[in-house]
Structures are given as structure tokens and as C-alpha cells.
Amino acid sequence: MLFTFLSQVDSDPFRAFVTLATFALAVLVALTFHEFNHALVATRLGDPTARRLGRLSLHPRDHMDPVGTAMIFLAGFGWAKPVPVNPAYLQPGERPGMAAVALAGPLSNVVVAALFSIPVRMGVVTTPFLGFNRFVWQLEDIPGYVIGSMVFWNLLVASFNLIPLAPLDGFKVALGILPRDMATGFARLERYGPGILMMVIMFDLLLPGPGILTNVIQPILNTLSAVVLGRQLM
């Protein structure tokens, strides 16, 4: 992301600033609401851990990881601080409770995207800026660019986290909805998840063309965008 911003600075500093500021705002909103809702649902289900540690908050500083945030701006991929959860406190039981807590993050991003899509669907704002685009338009197009970016990045964060691969939320959601015998076998893959995810990301960064993650995320993103916007993004 940073290199995209820097390539625009020389030719158009103002539009480069709009690009970076909008990206930063959209990512901060997406990750803050994502982690806050993990904490909120865990608290509602009986686990006081997140509240005690100050994670039941809508302030970005309580959720942003310094290294993960830097990686977002440098490589376009990063992370926030995971919300600590003690499954023993969760009232429905460990598996369904953890599935509910995990699902709360991506679901909150879909809700945020849906709220920002209201002026688009009502025709109040006409925005072609749904996707990863540098801002190259006119001053009056900034509201549409901001709204489009909010919709896109929230849906992208939701789609990425719904992949059923540890340590992503989709893995815990899958453990919660699978039959117990299947979930037990699936849980054994958790230790390999982070390594597999990092390998896939590295391949996607190094190899040209659409990567593995793009092919995995695209159907999820298209489904969510069809629900939120009434049309597909990709």
C-alpha cells in the first residue's frame, strides 16, 4: 500500500494524501469494530477477560498492534491485537461460544459495510470507487471515494477472516458448527494454519497475477457484496 501511495506523491501530493488518509480511516474503522465486537460478544456470553483488559472499547489504540499496523501500510496485509477469550466462561459451552465470538468480528464488518452502502443504494451517492483504487478524481468525488472505501475494506476484512484456516475467525466458526467427531479431526490442523497462511501470503506477494488468496476470497467477497450492495465487486 505504501508503495502505491509513494508512486502517487510525486505527480499529485493532494490526491496521494486522500488515498492514504482514506485507506487509513477505512482500515482503522474495520479493525476496531472487528475486535470490539469479539470483545462485546465474549463479554455478553459471560467471559470478563476482554473487559478487564480494556478491550471492550471503540478506541483504535486499544486494538491496533504496532507491527501488524505497520505491515498493513507496507505490504497491504497485517493484523490487530487478538482479543483474549477464556472459553471456560462462555455460557453456551466452549465450541459454540468460541464460534459465536469468532463470527462476531466478520459480522460486524458486514454491518458497517451495509450502513455505509445505504447512500449508495439510495442513489444519494454515486460511487465507482468500490475496490483498491488510488484517488485520481475531483474534489467533489471525495465523499463517494470515502464511502466506497469503507464498504470495500470492511467487506474484504470480513471475507478474509471467514476463511476456515487458523488463526482466522473462520476456523473457530467451522469448529463450532461441525459435528463433534469432524471438529475433533479438524482441530488437529490448527497448529499448521499460521504456517500455511504465511506461505500462501508470501507466494501471492512474490508471484505475478491473481494469487491463491484472491481466488479463495473472491467468492466470499462477491457473496457479501451481493447482499450488502446488490451487486458483486469482483
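**Chatting through a predicted model**

Biologist: Leaving aside neighbours within four places in sequence, what is glutamine 8 in contact with?
Modeller: Glutamine 8 is in contact with Pro13, Arg15, Ala16, Thr19, Arg134, Phe135 and Val136, with its neighbours within four places in sequence left out. Contact means heavy atoms within 4.5 Å.

Biologist: What kind of model is this, and how are residues numbered?
Modeller: It's a predicted model, where local features need pLDDT of at least 70 and side-chain atom pairs count only at pLDDT 80 or more, while totals for chains, interfaces and linings use all residues. Residues are numbered from 1 along each chain as its sequence is written, and side-chain values use heavy atoms, leaving out hydrogens and water.

Biologist: Back to glutamine 8: where does it lie?
Modeller: Glutamine 8 lies in helix α1, residues 2–9. Helices (H or I, at least four residues) and strands (E, at least two) are DSSP runs, numbered from the N terminus.

Biologist: Does glutamine 8 count as buried or exposed, and why?
Modeller: Glutamine 8 counts as buried because its relative accessibility is 3%. Buried means under 20% relative accessible area, exposed over 50%, and partly exposed in between (1.4 Å probe, protein chains only).

Biologist: What does the side chain of glutamine 8 reach?
Modeller: The backbone oxygen of phenylalanine 135, at 2.7 Å.

Biologist: New topic. How many salt bridges does the count come to?
Modeller: The count comes to one salt bridge, taking that as a side-chain nitrogen of Lys or Arg within 4 Å of a carboxyl oxygen of Asp or Glu. The side chains of aspartate 12 and arginine 15 meet in a salt bridge at 2.7 Å, N to O.

Biologist: How many aromatic pairs does the structure hold?
Modeller: Nine aromatic pairs. Rings of Phe, Tyr and Trp (its six-membered ring) pair if their centres lie within 6.5 Å; planes under 30 degrees apart count as stacked, over 60 as edge-to-face and the rest as tilted. Phenylalanine 77 and phenylalanine 160 form an edge-to-face pair, 5.8 Å centre to centre with 80 degrees between the planes. That pair links distant parts of the chain: phenylalanine 77 sits in the loop between α4 (66–75) and α5, and phenylalanine 160 in helix α6, 83 residues apart.

Biologist: Are phenylalanine 77 and phenylalanine 160 buried or exposed?
Modeller: Both phenylalanine 77 and phenylalanine 160 are buried.

Biologist: Which residues do ring pairs link into a cluster?
Modeller: Phe23, Phe73, Phe152 and Trp153.

Biologist: What do the buried residues of α7 pack against?
Modeller: They pack against α2 (13–44), α5, α6 and α8 (180–187). The buried residues of α7, which covers residues 169–177, are Asp169, Gly170, Phe171, Val173, Ala174 and Leu175.

Biologist: Where is proline 167 found?
Modeller: Proline 167 is in the loop between α6 and α7. A cis peptide bond joins alanine 166 and proline 167, with omega about 10 degrees.

Biologist: And leucine 28, what does it touch?
Modeller: Not counting residues up to four places away in sequence, leucine 28 touches Pro60 and Met64. The place of leucine 28 is in helix α2, and it counts as partly exposed because its relative accessibility is 33%. Leucine 28 and proline 60 are 32 residues apart in sequence and 6.5 Å apart in space, C-alpha to C-alpha.

Biologist: Last one: where is methionine 122?
Modeller: Methionine 122 is in the loop between α5 (94–121) and α6 (142–161). At 63% relative accessibility, methionine 122 counts as exposed.

Terms used. Polar contact = N/O pair within 3.5 Å; in protein donor to acceptor, adjacent residues only side chain to side chain.
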